[in-house]
Amino acid sequence: MNKSILAGTSLAVAAAAGVGSVASPARHPAWYARLRKPRYQPPGAVFPLVWTTLYADIAGTSAVVIDRFETAAQPDKSRAYAAALAVNLILNAGWSWLFFSHHKLGASAVGAAALTLSSADLARRAGEADPRAGRALLPYPLWCAFATALSTHIWLLNR
């Protein structure tokens, strides 16, 4: 695999994670503590573990996908995947800002749904490059779908 591609996807994913973490619940603990949350919400310690794992998966799998498209002389698919990844990472970081920083619960539920669709599209595109890559990314849209349900439920509980 081309190490510069891995460096690029890793940097992009780390930037999104960093931008999103600036708006984390640790920066708004009183507001977040007051929110009514459903019983199925995982403990707070679960979120950084899941997201760290997913971010590593996104960076590594995306590098493999871009490299496969480049190696197969499909630069259009490589560019399209990279663009879809960029949109996805913007949606990913943006959700934290909508929810934690701007306290826009309804908008964050819509943002989570958009992120879920974008993540499913990434997994589909990855599967075109290599079916194993598509399967490797599958936990991402599944987690985002759970996050959409959770965000929507929190919004409904706090309207």
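**Terms set against their values**

Colleague: Why is serine 62 called buried?
Modeller: Serine 62 has a relative accessibility of 0%, and buried means under 20% relative accessible area, with exposed over 50% and partly exposed in between (1.4 Å probe, protein chains only), so serine 62 counts as buried. The model is predicted, so local features need pLDDT of at least 70 and side-chain atom pairs count only at pLDDT 80 or more, while totals for chains, interfaces and linings use all residues. Residues are numbered from 1 along each chain as its sequence is written, and side-chain values use heavy atoms, leaving out hydrogens and water.

Colleague: Where does serine 62 lie, and which residues does serine 62 touch?
Modeller: Serine 62 belongs to helix α3, residues 46–71, where a helix is a DSSP run of H or I with at least four residues, numbered from the N terminus. Leaving aside residues up to four places away in sequence, serine 62 touches Thr9, Asp57, Tyr81 and Leu85, contact meaning heavy atoms within 4.5 Å.

Colleague: Why does valine 22 count as partly exposed?
Modeller: The relative accessibility of valine 22 is 39%, which falls in the range between buried and exposed, so valine 22 counts as partly exposed. Valine 22 is placed in the loop between α1 (3–21) and α2 (29–34).

Colleague: What makes the pair of tyrosine 40 and phenylalanine 146 edge-to-face?
Modeller: The structure holds eleven aromatic pairs, and rings of Phe, Tyr and Trp (its six-membered ring) pair if their centres lie within 6.5 Å, planes under 30 degrees apart counting as stacked, over 60 as edge-to-face and the rest as tilted. For tyrosine 40 and phenylalanine 146 the centres are 6.1 Å apart and the planes stand at 65°, so the pair is edge-to-face. This pair links distant parts of the chain, 106 residues apart, with tyrosine 40 in the loop between α2 and α3 and phenylalanine 146 in helix α7 (residues 139–157).

Colleague: How do you know that phenylalanine 99 and phenylalanine 100 form an edge-to-face pair?
Modeller: Their rings are 4.8 Å apart centre to centre with 80° between the planes, and the pair is edge-to-face.

Colleague: What places the charged end of lysine 37 over the ring of tyrosine 32?
Modeller: A charge sits over a ring if NZ of Lys or CZ of Arg is within 6 Å of the ring centre and within 35 degrees of the ring normal; the charged end of lysine 37 sits over the ring of tyrosine 32, 4.4 Å from its centre.

Note on methods: Helix = DSSP H or I, 4+ residues; strand = E, 2+ residues; numbered from the N terminus.
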